[in-house]
Amino acid sequence: MSDRINVTRSSMPELDEYVEEIRELWQTHWLTNMGSKHVELQEKLQEYLEVPSVELFTNGHMALELTVQAMKLEGEVITTPFTFASTTHAIIRNGLEPVFCDINERDFTIDASKIEGLITDRTSAILPVHVYGNICDVEEIERIAHKYHLKVLYDAAHAFGVRYKDRAVGQFGDASCFSFHATKVFNTIEGGACCYRDPALGRTLYQLKNFGIRDEETVEGVGANAKMNEFCAAMGLCNLKHLKENRERREKVVSYYRERLEGVKGLRLNSLQEGVYTNYAYFPIIIDEKKFGADRNEVQEALERENIGARKYFYPLTNTFDCFHGKYNVENTPMAKLISQRVLTLPLYADLDLRDVERICSIVIRCKR
């Protein structure tokens, strides 16, 4: 329905702007296979993200899965269950075993104080997840990785444009993977990228996303087809121009939510991390049923009755998925379990009207008993 408020909505340029961006494709007929739009977006993202190298992919999952493969990891990978399915599936589809670490209550990222206790002689890497625009304890993770000679690959799907102590988030770890899905702060309709430092990793990534092909007559390995097409790259070029403006608009929405919901007994809002320049990607609230008087599901249902979509994000935890039934013990990650049962992300996008934000807040507050 046209008047429905969804939990998120894609940022898009004016139609004329996009049409102008893709006009040359009707002249060149070069629609994929690393054409001029692909090359230009790659260069601009490298500059924007302040990283040595960027490889573009058809989506964020393929960026992550193929980066895990390119790193030639073995055995176990320490990660978090408080994430989207992609993170866990990227590990398992590479024949590796995810070892689930709990999250911290403060910012919902991996609890770095618990990582060392999970390291075994089979551990090859840590795959932490930046959540809602909150970034992981990158300094402690770096210390642990250095001590135990482990690779670090960040799932940065939620962290595009985030900075910590004036360093761009993609500079941390051995590599970081971003999602440019239509619902993200920055989108290319569908798309993703890996930022990395090691040129050898970059060569492997390029071949893996292009059937293992090195040149017209040389196929050096078995690869996938994960290339970003020119229409998606063109959308990215347009959206990149408006990123600053859209972030400012998202910030206003978040500020209004905070003004109305801060201090409501039984509600906890997403924390503001010290030293972090965030992207205002999501607005999660944690609902304590005993203090608030209604549980998360009741609040979601009240919003839905008013044609407003809110999402239990992340729920269920990946270590409780049906496809892993009986394989993992969710009690090993009690904080992740608790937060997943209480979290609700409220609508947030650049052009969300503040009058609608007021209506959303009023519905949430009315649920309080």
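This is a predicted model: local features need pLDDT of at least 70, side-chain atom pairs count only at pLDDT 80 or more; totals for chains, interfaces and linings use all residues.

**Entry 1: α1 against α8**

I started with the residues that touch: E17, Y18, E21 and I22 in α1 meet F231, A234, M235, L237, C238 and K241 in α8. Sorted by class, this contact of α1 with α8 comes out at seven nonpolar, no polar and three charged residues.

Helix α1 covers residues 15-22 and helix α8 covers residues 230-241; their axes come within 9 Å and cross at roughly 130 degrees.

**Entry 2: the three-stranded sheet**

In what order do the strands of the open sheet run? I read off β12-β14-β15, three strands with antiparallel pairing. β12 (267-269) and β15 sit at the edges with a single partner strand each, so one side of each has no neighbour in the sheet. On average, neighbouring strands here are turned by 30 degrees against each other, ignoring direction.

I also checked what packs on this sheet. Helix α9 (residues 243-261) does, touching β12, β14 and β15, and its direction makes about 20 degrees with that of β14.

Then I zoomed in on one pair. Strand β14 (residues 283-287) and β15 pair in the antiparallel sense over four bridges. F283 stands opposite L346 in β15.

Which way do the side chains of β15 point? In this strand (residues 343-346), V343 and T345 go one way and L344 and L346 go the other. I looked at burial too: all of them are buried.

I moved on to helix α11 (residues 296-305), which lies across β14 and β15 and runs at about 25 degrees to β15. I then looked at how α11 meets helix α13 (residues 354-366): the two axes come within 9 Å and cross at roughly 135 degrees. The two helices, α11 and α13, are therefore oblique to each other. I logged this one as right-handed as well, going by how α11 passes α13.

Which residues of α11 and α13 meet? I found V299, A302 and L303 in α11 against I360, I363 and V364 in α13. The residues of this contact of α11 with α13 divide into six nonpolar, no polar and no charged.

**Entry 3: P52 in its loop**

P52 is in the loop between α3 (36-49) and β1 (53-57).

Is P52 buried, partly exposed or exposed? I got 48% relative accessibility, so P52 counts as partly exposed; the cut-off for exposed is over 50%.

For contacts, I left aside the neighbours within four places in sequence; P52 then touches Q46, Y196 and R197.

Key
Residues are numbered from 1 along each chain as its sequence is written. Side-chain values use heavy atoms; hydrogens and water are left out. Buried means under 20% relative accessible area, exposed over 50%, partly exposed in between (1.4 Å probe, protein chains only). Two strands pair if DSSP finds at least two bridges between them. Axes are lines fitted to C-alpha atoms, for helices over the stretch in contact, and angles run from 0 to 180 degrees between N-to-C directions. Contact means heavy atoms within 4.5 Å. Ala, Val, Leu, Ile, Met, Phe, Trp, Tyr, Cys and Pro count as nonpolar, Asp, Glu, Lys and Arg as charged, and the others, Gly among them, as polar. Angles under 35 degrees count as roughly parallel, over 145 as roughly antiparallel, 65 to 115 as roughly perpendicular and the rest as oblique. A crossing is left-handed if the near helix is turned anticlockwise from the far one by less than a right angle, and right-handed if clockwise.
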